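Student: Can we go through this model together, one piece at a time? I'd like to see how you get to each answer.

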Amino acid sequence: MSARPDESLARIPGPWTHRSVHAGNGMFHVVEAGEGPLVLLLHGFPQFWWTWRHQLESLAGAGYRAVAVDLRGYGASDKPPRGYDLPSLAGSMAGLIRALGETCAVVVGHDWGGLVAWTMGATDPKVVHRLVTVSAPHPLRLRQAVLGNPFGRPKAGRHLLGYQLPLLPERRLTKHGAAQVGRLLDAWSGPGGLQEEVTATYRDAFSIPTVAHCALEYHRWFVRSQLRPDGMRYRKLMRTELEMPTLQLHGALDTCMPPRTAQGSSRYVAAPYRWRLLEGVGHFPHEERPEQFDAELLGWLEDPEPDR
């Protein structure tokens, strides 16, 4: 009988260091490389910190302190029964920045990590020096896309709604060695997709006990809060115009979250804003074409006055 997957699967060795940091009433597994201004990297679904392996090296090489974190419920971070709403997640990441000894950071978020990053910009603007969102519309734009025209609903919206069922989605995601995780990654990638050994790593990490359930709690809160007071308070808060420079990167071939669902997010940014559509890539531009992605990211970070 094979050994039960455990959190050691998330502690992949490389030119970085692993440690646990207490923030926001929980313990977070972080992976760190380089010295300089802090860049906090937030992953999406169904991944973990390792999605930023290329950027940990490129940012460190460019003179930044790059820190990738396993979000709550993922990898080797704590997996409590609650705290998967976007305001709580954003508060924890703001606390993590302070626990890392900094007052603010560049925050880079992909997919669900991007939704957390957008939320941080509204709830804790002083800790977000600059904001970068990847394959992630502003939460109010996502709500409009998911709850709007059902025939034009993005694939991410269909999954959001499908994951509201109890227990069954977790079982489907984890059976046969989390084969469905691999299928999602393949379906959402651009031509060529992610390499088989890469998807195998994500399948292993998603097999860590309770990760699937915790990951789906993000989706469940987003939908179920729509008619609840907490969801109404969140939407009111997210109408706040952001005051930090913002870069929004999106793959032109993203089928999970098509570019049209993210366009228009600029209406929530009062500061300099830049939109970049990356040709030839899908939902994971930072992994599919890391050189192209890093050129956009580093070029924008090095620009003292990023244009609109």
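This is a predicted model: local features need pLDDT of at least 70, side-chain atom pairs count only at pLDDT 80 or more; totals for chains, interfaces and linings use all residues.

Student: Okay, in which helix is the place of Thr-199?

Tutor: Residues are numbered from 1 along each chain as its sequence is written, and side-chain values use heavy atoms, leaving out hydrogens and water. Helices are DSSP runs of H or I with at least four residues, strands are E runs of at least two, and both are numbered from the N terminus. On that count, Thr-199 sits in α7.

Student: Is Thr-199 buried or exposed?

Tutor: The cut-offs are under 20% relative accessible area for buried and over 50% for exposed, with partly exposed in between (1.4 Å probe, protein chains only). Contact means heavy atoms within 4.5 Å, and Thr-199 touches Gly-182, Leu-185, Asp-186 and Leu-194, leaving aside residues up to four places away in sequence. Its relative accessible area is 8%, so Thr-199 is buried.

Student: Why are the buried residues of α1 on the same side?

Tutor: The buried ones in α1 (residues 53-61) are Arg-53, Gln-55, Leu-56 and Leu-59. The arc is taken from the directions from the helix axis to the C-beta atoms. Those residues share one side of α1 because they cover an arc of only 165°.

Student: And at what angle does α1 run to β4?

Tutor: Axes are lines fitted to C-alpha atoms, for helices over the stretch in contact, and angles run from 0 to 180 degrees between N-to-C directions. Helix α1 lies across β2, β3 and β4, and its angle to β4 is about 160°.

Student: How are α3 and α9 oriented to each other?

Tutor: Their axes come within 9 Å and cross at roughly 75°. Angles under 35 degrees count as roughly parallel, over 145 as roughly antiparallel, 65 to 115 as roughly perpendicular, and the rest as oblique. Therefore α3 and α9 are roughly perpendicular.

Student: Which strands stand at the edges of the sheet?

Tutor: The 8 strands form an open, mixed sheet in the order β1-β2-β4-β3-β5-β6-β7-β8, where strands pair if DSSP finds at least two bridges between them. Each edge strand has a single partner, so one side of it lacks a neighbour in the sheet; the two are β1 (17-23) and β8 (273-278).

Student: Last one: what is the bridge partner of Val-134 in β7?

Tutor: Strands β6 (128-134) and β7 (246-251) run parallel, joined by 4 bridges. For Val-134, the partner in β7 is Leu-249.
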